[in-house]
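Biologist: I would like to go through this protein feature by feature. Please give the general idea each time, then the case at hand.

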Amino acid sequence: MIPRQKETPATTTGVPNVSATRPNSLKPNRPTQFDRVLAVLLANDEVCGSELYAMFIPRFGALLHRLRRQGYVWSKRPCDRHDHQGTSWLYKLEALPYESTRPGIGDA
Ligand SMILES: [Zn+2]
């Protein structure tokens, strides 16, 4: 069996520029990768990192941290759904950002 080639980061050569990170307002019909990560977390109990790769969101780690900074609470645990060779994680959205009605109170 031929070992799978490691995925290389997308470059500008040979890769269609489908994931331009423009503000949403410029492309209202094209969700950003951030939106897609959030949507898939909202729609599923748990999401495996490999499923995010399959959605062509290789930078989901950075997006998950952005979610956390925005107040979303998520957890992760090693994936037991797939036969991964290394450790892959299942991500679970636990809570939505706390919407303070009194800004300034409860700020961490
Ligand atoms: Zn998995």
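Predicted model: local features only at pLDDT ≥ 70, side-chain atom pairs only at ≥ 80, totals over all residues.

Biologist: What does the pLDDT average to over the protein, and what share of the residues score at least 70?

Modeller: pLDDT is the predictor's confidence in each residue, from 0 to 100. The average here is 81, and 65% of the residues score at least 70. Residues 15-19 have a pLDDT below 50, and this stretch has 2 contacts in the model beyond near neighbours in sequence. Two residues are in contact if their C-beta atoms, placed from the backbone, lie within 7 Å.

Biologist: In what order do the elements run from the N terminus on?

Modeller: Helices (H or I, at least four residues) and strands (E, at least two) are DSSP runs, numbered from the N terminus. The protein has 3 helices and 3 strands, in the order α-β-α-α-β-β.

Biologist: Which residues make up the largest nonpolar core?

Modeller: In soluble globular proteins, nonpolar side chains tend to be buried together. A residue is buried if 20 or more other C-beta atoms lie within 10 Å of its own, exposed if 12 or fewer, and partly exposed in between, with C-beta atoms placed from the backbone. A nonpolar core is a set of buried Ala, Val, Leu, Ile, Met, Phe, Trp, Tyr and Cys residues joined through C-beta atoms within 7 Å. The largest one here has 11 residues: Val 37, Leu 38, Leu 41, Val 47, Leu 52, Phe 60, Leu 64, Leu 67, Leu 90, Tyr 91 and Leu 93. At least two residues each come from helix H1 (33-43), helix H3 (60-69) and strand E3 (89-95). Buried residues make up 11% of the 108 residues in the protein.

Biologist: Which residues of H3 are buried?

Modeller: An α-helix has 3.6 residues a turn, so residues three or four places apart point the same way. In H3 the buried residues are Phe 60, Leu 64 and Leu 67. Seen down the axis of H3, they fall within an arc of 55° and so line one face of the helix; the arc is that of the directions from the helix axis to the C-beta atoms. His 65 and Arg 69, on the other side of H3, are exposed. The cover over the buried residues of H3 includes H1, helix H2 (49-54), strand E2 (73-78) and E3.

Biologist: At roughly what angle do the axes of H1 and H3 cross?

Modeller: Two packed helices are described by the angle between their axes and the distance between the axes. The axes of H1 and H3 cross at roughly 75° and come within 10 Å. H1 and H3 are therefore roughly perpendicular to each other (65 to 115 degrees). Gln 33, Phe 34, Val 37 and Leu 38 of H1 make the contact with Phe 60, Leu 63, Leu 64, Arg 66 and Leu 67 of H3.

Biologist: Is Ser 75 buried or exposed?

Modeller: Ser 75, in strand E2, is exposed, because 12 other C-beta atoms lie within 10 Å. Not counting residues up to four places away in sequence, Ser 75 touches Lys 92 and Glu 94.

Methods. Residues numbered from 1 in each chain as written. Axes fitted to C-alpha atoms, helices over the stretch in contact; angles between N-to-C directions. Parallel < 35°, antiparallel > 145°, perpendicular 65-115°, else oblique.
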